[in-house]
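Welcome! Let's take a friendly walk through the charged side chains of one protein model.

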Amino acid sequence: MDLMKVMISEDDFRVAELHAQFLRVVDGVEVVGKALNGEETLEMLEEQQPDLLLLDVYMPDQLGVDLLHDIRSIAPKTDVIMITAAQEKEVVEKALKYGVFDYIIKPITMERFQETIESYQERKKRMAQIETFDQEAVDQLIKSSNEAAATTTISVPKGIDPLTLEKVERMLSDAGDKGLTAEQASGKMGASKTTARRYLEYLISIGKGRAEMNYGKVGRPQRKYYKG
């Protein structure tokens with residue numbers, strides 16, 4: 001199976017690298033470039049023709065949403081996910097009118113990010129498998145897109161229990177400089193890895209945790225969590 005090519009357009013190189021780190025833990029994804037402004041975005045898009053573009057709104061030379069018309073012309077097969085702090089009604093409306101797959105408002109959690117990427121991968125896979133669309137197939141595609149859009153403005157995950165959150169925060173404190181992976185946290189919590197990650201990412205979103213990518217000698221990099 002070919003890797004899904006993803007390009008990042010973000011004027012803050014630190015945020016761009018964070019998004020790239022998020023993508024590295026998703027199977028089947030390859031980051032093919034990072035652009036720091038609108039001009040670089042269009043040049044790189046024309047050269048790379050990625051499957052997916054992660055696009056910020058606020059860039060030094062022009063707004064990301066103002067690039068959408070040119071993006072459609074230069075790379076008609078490239079889908080767009082907006083990842084931005086912009087919450088103005090006119091910006092969101094313009095992005096949706098150009099058919100962006102999702103619009104995620106910063107600060108984002110790793111869980112929210114991965115859900116969006118995996119949802120996009122699933123839709124892309126479904127599109128590739130269907131030769132002719134009947135009404136049911138179209139309805140399923142539209143439903144999946146609407147479900148993604150419905151969670152666009154959520155920047156912290158649901159289902160956070162205060163007592164469990166306090167327990168996870170203590171676990172991070174006890175771990176000290178060693179930190180914890182989501183898998184280790186899940187074992188200590190007696191919960192699933194997904195649930196553990198949700199609490200860990202929530203602590204990051206409220207400034208009580210931080211995370212780093214741990215690159216071992218073999219295998220995939222691991223995301224480790226530390227007390228903020």
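Where is D61 found? D61 sits in the loop between β3 (52-55) and α3 (68-74). Helices (H or I, at least four residues) and strands (E, at least two) are DSSP runs, numbered from the N terminus.

## About the model

What you see is a predicted model, in which local features need pLDDT of at least 70 and side-chain atom pairs count only at pLDDT 80 or more, while totals for chains, interfaces and linings use all residues. Residues are numbered from 1 along each chain as its sequence is written, and side-chain values use heavy atoms, leaving out hydrogens and water.

How accessible is D61? D61 counts as partly exposed because its relative accessibility is 39%. Here buried means under 20% relative accessible area, exposed over 50%, and partly exposed in between (1.4 Å probe, protein chains only).

Is D56 buried or exposed? With a relative accessible area of 4%, D56 is buried.

D56 meets K106 in a salt bridge (3.8 Å, N to O). This pair links distant parts of the chain, 50 residues apart, with K106 in the loop between β5 (102-105) and α5 (110-129). K106 is partly exposed, at 24% relative accessibility. A network of salt bridges links E10, D56 and K106.

## Other salt bridges

Side chains of opposite charge can pair when their charged atoms come close. A salt bridge here is a side-chain nitrogen of Lys or Arg within 4 Å of a carboxyl oxygen of Asp or Glu. How many salt bridges does this rule give? The count comes to 14.

One of them joins D79 and R123, with the closest N and O atoms 3.7 Å apart. That pair also links distant parts of the chain: D79 lies in strand β4 (residues 79-84) and R123 in helix α5, 44 residues apart. D79 is partly exposed, with a relative accessible area of 23%.

D12 and R14 form a salt bridge too (3.2 Å, N to O). D12 is partly exposed at 23%, whereas R14 is exposed at 58%.
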